[in-house]
Amino acid sequence: MSKIISISPFNRVEGDLKIKVKIEDGRVADARASGTMFRGFEQILKGHFPEDAIIYTPRICGICSISHSIASSNALAAISEAFVPSKNGQLAKNISHATENAMSHITQFYVYFAPDLLNHKHAHLKYYPFVEKRLAQLKGESAKIVITERKRFLEILGLIGGKWPHTLAIQPGGITKSLGSSDIFRIHGILKQFSSVVESVLLGMPAEDYLKIRSVSDFDSAFSGDGNPASDLGLFYRFADEAGLITMGKGPGRFISGGCYPEADGTPYIPSGYLNGKASNISMEKITESIHYSFFDAPKSSSNPAFDTSLPKWDKPNAYSWAKAPRYNGEVVEVGAIARQLISGDPLIADFFSMYGSTVFTRVLARLHEAVKLLQKMSGWIEQLDANESYFVRNTLKERTSGIGITEAARGILGHWISVDDGRITNYQVITPTGWNASPRDENETPGALEQALINTTIEDEGNPVEIDHIIRSYDPCLVCTVH
Amino acid sequence: MKNLLCLHGLGCGGDTISLLNAEEPDLLTALEMLDINVAWHPSLSLEKGDDVKQICADFASGKRSLDLFIVEGAVPTGPDGSGRIYEFLDRPFLEWVRELAAVAEYTIAVGTCASSGGISAASPNPAGASGLQFMQDKTGGILGESYRSKSGFPVINIPGCPSHPDWILESLYLITQGKLLPEQLDYANRPAHFFNNLAHHACPRNEFYEFKASAEEFGQMGCLFEHLGCRGTQCESDCNIRLWLGRTGSCTRAGFPCTSCTSQNFPLPDINYFKTVTIAGIPKTLPKDVPKAWYIGMAGLAKMATPERLKTNAVSAHNKYRGKGEGQ
């Protein structure tokens, strides 16, 4: 018995995703993830002033536009003469970047991920009524609170960046706004208010206590018990256990992080690295993109982005995605909060990973856990801001050179590769997080991370394959980024 | 109940993200207040795949009435006008938009991409993207100059990159209450009362502008027009009056130049947006409707009269001047 299920458009993800799975004997035998939309930023950017990359690239994505600003400003910093950052500017960049990432994680859980828990397949589960009461889409008690509070939290971006998405405040040498003491006071206050909401609604305990939980068994005892749990995280944990989400959707088990949030001494708060059993340094030369199954044409089927000359070819035979297939050292890797937390050596996420692997639950937990940690971290950065010091240092771009700007967007490593000649962009390549996670197959026929996570999943009811929804949204895909 | 259908073409999804920031009223209150039923929205709805096809097909066939048809993002026509570069529900997205626009009571383009092509249609426009009824400042787009929705209106454009949530919700308010009149649309078919101001209006740097006390670098208080590329005096929007994100900010308040993202020709080709192009010291692009000779005369006079306070503060991060004024 075999059945093909094709879902397009796949909703509640950013952008246009098409999923095609082949089900044999109640099990996913094959899966294909396609990005179905194309704009051509890499062609559009050619010939522009390099400074204007900061205008164009944030517009790749409405949900992680600051991450693109950071990657782009890092790329411009890399092509500057003896680059000098502003200390204040770097702190303000970290604060805005962390605001975007923490907000993204929390919104994704409540608005995009949780609604699937209310699928009728789960209606018989013990915690279903509580989930319905608190997490129903746009209606649940917690969901409504979070939708309102996320906006208030984003006022931090109004104070630093003027508007969001698509602020231009983030520049290579710092930010364009000189935050005064009134701004700093308000930013700190907004953070405090939002942190309190996260504590009462998501955690059900002070963040300080939550962050003392360092193992699966501690987590289990903190969130065990009967009846209506005191927190959405606890509720989700118990529901996930009952619904089988803790072991569902295993990824490839290899991870990369590009690192982000440089501290005053330049060391990133989230380190970069490659993890395959053990952690090692990441090397940009080992990144390649395959276009074998993508709607692009190039002399070679795989190349490093610095030398990518591929051009769109919409009718390429056998191609099935506008996404290219990035590989690290030729291998499929997973990116995102789980990659960052594992590479940072977070004990709780490491313990969950060693027990269950990278699964629907561990991916979602890693995002929420990271959001809580970021809110704590931001407070320290705000305290270091100095209203009497400058926020911007002018740097001069080289006329003819190339450089790489790497950071971590909410969904994982984000890279911008730039080449300039005679003061104009000659090549600009972008590899986005969902490019890594939702990539098509490469020339060796190896499926991408999300495709691998779907393959072998047991589908209980072919007429209602909600397992596919859980797995896909556990990756928090952003297709507008992917198919730039 | 008015049925609303929203489709996303070539764009970043940023207008929806911006819409989620709506307040006074917030999005959910506004939908309730305006009695709008969201039949389908790519980011907010539960339906996917074939169910979406059914919803769109029911609207296209007239089985359900499509009161409000919103498109966010540009519509690709490539290759060769076929639109096949972007397939949606097994057909070119272009065909769906034309078919649904034909039955819609009102067709609304949200964001600069849907309105006039925007970033998604920037040169060399690899996807052959276009706005619904404009391609930059040329009328036509994918629906043609003569297109009128069933209400008799052309496509109502609510540009901005992103569009302000107030602009979107207030337009829906006017439309659903029958209070939007054809003469309230401007030359770009935008509801004029949002777009007949300038981003310059209520900019806190206005006194610096008046006396030509200009910032020389980012992070300084002075006007951004003379050196740093600001287009706020040309940009038709009320950003600095209305403000963004809980009324906390705007582009110029955050210290970077307005790029005039509500303009039909955004983004301009071959321009360094962060630098003012000057000819003999005079900005090449002058404030809207201001004659060149007049500008030169006024700017010259203003510079002769610039108070010390503004000269000092213009190039400072915060008010640095400590002098006492007359009458104190």
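The model is predicted, so local features are given only at pLDDT of at least 70 and side-chain atom pairs only at pLDDT 80 or more, while totals for chains, interfaces and linings use all residues. Residues are numbered from 1 along each chain as its sequence is written, chains are lettered from A and ligands numbered from 1 in the order in which they are written, and side-chain values use heavy atoms, with hydrogens and water left out.

Chain A contains 18 helices and 16 strands (DSSP runs numbered from the N terminus, with helices being H or I of at least four residues and strands E of at least two). Its radius of gyration is 22 Å, close to the 23 Å that the globule rule gives for 484 residues, so chain A is as compact as a globular protein of that length. This radius is taken over C-alpha atoms, and the globule rule is 2.2 Å times the number of residues to the power 0.38. Along the principal axes, the C-alpha atoms of chain A fill a box of roughly 65 × 55 × 40 Å. Of the 484 residues, 67% count as buried (under 20% relative accessible area; exposed means over 50% and partly exposed in between, with a 1.4 Å probe and protein chains only). Among the contacts in chain A with a separation of 6 or more, 70% are accounted for by residues 24 or more positions apart, where contact means heavy atoms within 4.5 Å. Chain A carries 49 positive and 54 negative charges, whose mean positions are 2 Å apart. Lys and Arg count as positive and Asp and Glu as negative, without His and the chain ends; the place of a charge is NZ of Lys, CZ of Arg, CG of Asp or CD of Glu.

Chain B has 11 helices and 13 strands. For its 328 residues a compact globule would have a radius of gyration near 20 Å, and the 22 Å of chain B agrees with this. The C-alpha atoms of chain B fill a box of roughly 70 × 45 × 35 Å along the principal axes. In chain B, 61% of the residues count as buried, and 70% of the contacts between residues at least 6 apart in sequence join residues at least 24 apart. The centres of its 29 positive and 35 negative side chains lie 7 Å apart.

In chain A, strand S9 (residues 287-290) pairs with strand S13 (residues 325-328) in the antiparallel sense over 4 bridges; two strands pair if DSSP finds at least two bridges between them. Strand S9 of chain A also runs antiparallel to strand S11 (residues 302-303), to which 2 bridges join it. A:Ser290 takes part in both pairings: its bridge partner in S13 is A:Ala325, and in S11 A:Ser302 stands opposite.

A:Thr432 is placed in the loop between strand S16 (424-431) and helix H15 (433-437) of chain A. Its relative accessibility is 1%, so A:Thr432 counts as buried. Beyond neighbours within four places in sequence, A:Thr432 contacts A:His68, A:Ile413, A:Leu414, A:Cys481, A:Thr482 and A:His484.

In chain B, B:Lys150 lies in the loop between strands S10 (138-139) and S11 (156-158) and counts as exposed, at 58% relative accessibility. B:Val103 is 47 residues from B:Lys150 in sequence, with 6.7 Å between their C-alpha atoms. B:Thr233, in the loop between helices H8 (206-210) and H9 (239-242), is buried, with a relative accessible area of 4%.

Most residues other than glycine have a negative phi, and most peptide bonds are trans. A cis peptide bond joins A:Trp164 and A:Pro165, with omega about 0 degrees, and another joins B:Ser123 and B:Pro124, with omega about 5 degrees. A:Tyr261, which is not a glycine, has a positive phi near 60 degrees and is buried at 3% relative accessible area.
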